[in-house]
Amino acid sequence: MRAAARLRFALRPATPLRSEVFVVTELLLLVHPWLGYAVSALVLVASLAAFKRAKDGVEFRAGLYRGAYLLLSVQVLLGIVLYGLGGYWDAAPLIAYVHPVLGVLALGAGQALLARARKTQMAADAHRLAGRGLLITLLLVIISIGVASIATTLT
Ligand code: HEM
């Protein structure tokens, strides 16, 4: 896929901003996957922490969970920029539609469950709900990464 992205870029008409755009695209091709793996690890750690806090009856604080979703938001944003700069709407459907939709869904579903958790009275229930939201997010993120890997391997 990287070769395909470069070829698509090379075939575009020249503009004064082209080399800067090329550098940013190359940088995002490097950063986006690695940040994706780091975000997945953080979401996993946050969900395990949530279930432990529920078990220990710790007071509900959403800081760690919000941090995980903040990093995921940055990842989605970088993905959108990469998508726009690389013209990925012309790519294979798995990378053009399925990967981005799953990424956005992962963020939306997790944040919706965190919002519900923050309104929950009992701290243990709130942590458990936040943990479930993070696990659903993790599942969608893993499927999203898998789909992107299949697409990049096949192209
Ligand atoms: C949950 C959020 C996301 C995660 C964790 C994630 C992670 C990844 C990973 C790991 C890859 C590399 C796959 C591989 O080559 O094996 C990738 C590729 C890609 N992602 Fe995402 N992504 C996310 C969201 C998005 C979104 C929202 C968009 C665009 C709207 C996007 C656009 C892309 C594109 C265009 C590629 C292909 C890059 C290439 O040509 O190698 N991603 N993503």
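**Helices, contacts and a core**

Analyst: Let's start with one contact. In H3, Tyr65, Tyr69, Leu72, Ser73, Val76, Gly79 and Tyr83 meet a set of residues in H4: Pro100, Gly103, Val104, Leu107, Gly110, Gln111 and Leu114.

User: What classes do the residues in the contact of H3 with H4 fall into?

Analyst: There are 9 nonpolar and 5 polar residues, and no charged ones.

User: At what angle do H3 and H4 pack?

Analyst: The angle is about 155 degrees, and the axes are 10 Å apart. An angle over 145 counts as roughly antiparallel, so H3 is roughly antiparallel to H4. The crossing of H3 past H4 is left-handed.

User: Back up a bit. Where does this model come from?

Analyst: It is a predicted model.

User: OK. How many helices and strands does the chain have?

Analyst: The protein chain has 5 helices and 0 strands. Read from the N terminus, the order is α-α-α-α-α.

User: How do H4 and H5 pack?

Analyst: Their angle is about 175 degrees, with 8 Å between the axes. H4 and H5 are therefore roughly antiparallel to each other. Their contact has 22 nonpolar, 6 polar and 3 charged residues.

User: New topic. How many residues are in the largest nonpolar core?

Analyst: That core has 27 residues. Val43, Tyr65, Ala68, Ala130 and Leu134 have the most contacts inside it.

User: Which elements give two or more residues to this core?

Analyst: Four helices do: H2 (18-56), H3 (63-86), H4 (93-118) and H5 (123-154). H5 gives the largest share, 9 residues.

User: Why would nonpolar side chains be buried together?

Analyst: As a general point, nonpolar side chains in soluble globular proteins tend to be buried together.

User: What share of the chain counts as buried here?

Analyst: 28% of the 155 residues in the protein chain.

User: Let's zoom in on Val43. Where is it?

Analyst: Val43 is in helix H2.

User: And is Val43 buried or exposed?

Analyst: Buried. Val43 has 26 C-beta neighbours inside 10 Å, and the cut-off for buried is 20 or more.

User: Which residues does Val43 touch?

Analyst: Leave out residues up to four places away in sequence. Then Val43 touches Ala68, Leu72, Leu134, Thr137, Leu138 and Val141.

User: How far is Val43 from Leu71?

Analyst: In sequence, Val43 and Leu71 are 28 residues apart. In space, their C-alpha atoms are 9.4 Å apart.

User: What about Thr25: where does it lie?

Analyst: Thr25 lies in helix H2. Thr25 is buried, because 20 other C-beta atoms lie within 10 Å and 20 or more is the mark for buried. Its C-alpha atom is separated by 8.5 Å from that of Val81, which is 56 residues apart from Thr25 along the chain.

User: Now Gln121. Is it buried or exposed?

Analyst: Exposed. Gln121 has 7 other C-beta atoms within 10 Å, and 12 or fewer counts as exposed. Gln121 sits in the loop between H4 and H5.

User: How far apart are Gln121 and Phe60?

Analyst: They are 61 residues apart in sequence, and 9.4 Å apart in space from C-alpha to C-alpha.

User: Last one. Take contacts between residues at least 6 apart in sequence. What share joins residues at least 24 apart?

Analyst: In the protein chain, 80% of those contacts do.

Methods: Residues are numbered from 1 along each chain as its sequence is written. This is a predicted model: local features need pLDDT of at least 70, side-chain atom pairs count only at pLDDT 80 or more; totals for chains, interfaces and linings use all residues. A nonpolar core is a set of buried Ala, Val, Leu, Ile, Met, Phe, Trp, Tyr and Cys residues joined through C-beta atoms within 7 Å. Two residues are in contact if their C-beta atoms, placed from the backbone, lie within 7 Å. Axes are lines fitted to C-alpha atoms, for helices over the stretch in contact, and angles run from 0 to 180 degrees between N-to-C directions. Angles under 35 degrees count as roughly parallel, over 145 as roughly antiparallel, 65 to 115 as roughly perpendicular and the rest as oblique. A crossing is left-handed if the near helix is turned anticlockwise from the far one by less than a right angle, and right-handed if clockwise. Ala, Val, Leu, Ile, Met, Phe, Trp, Tyr, Cys and Pro count as nonpolar, Asp, Glu, Lys and Arg as charged, and the others, Gly among them, as polar.
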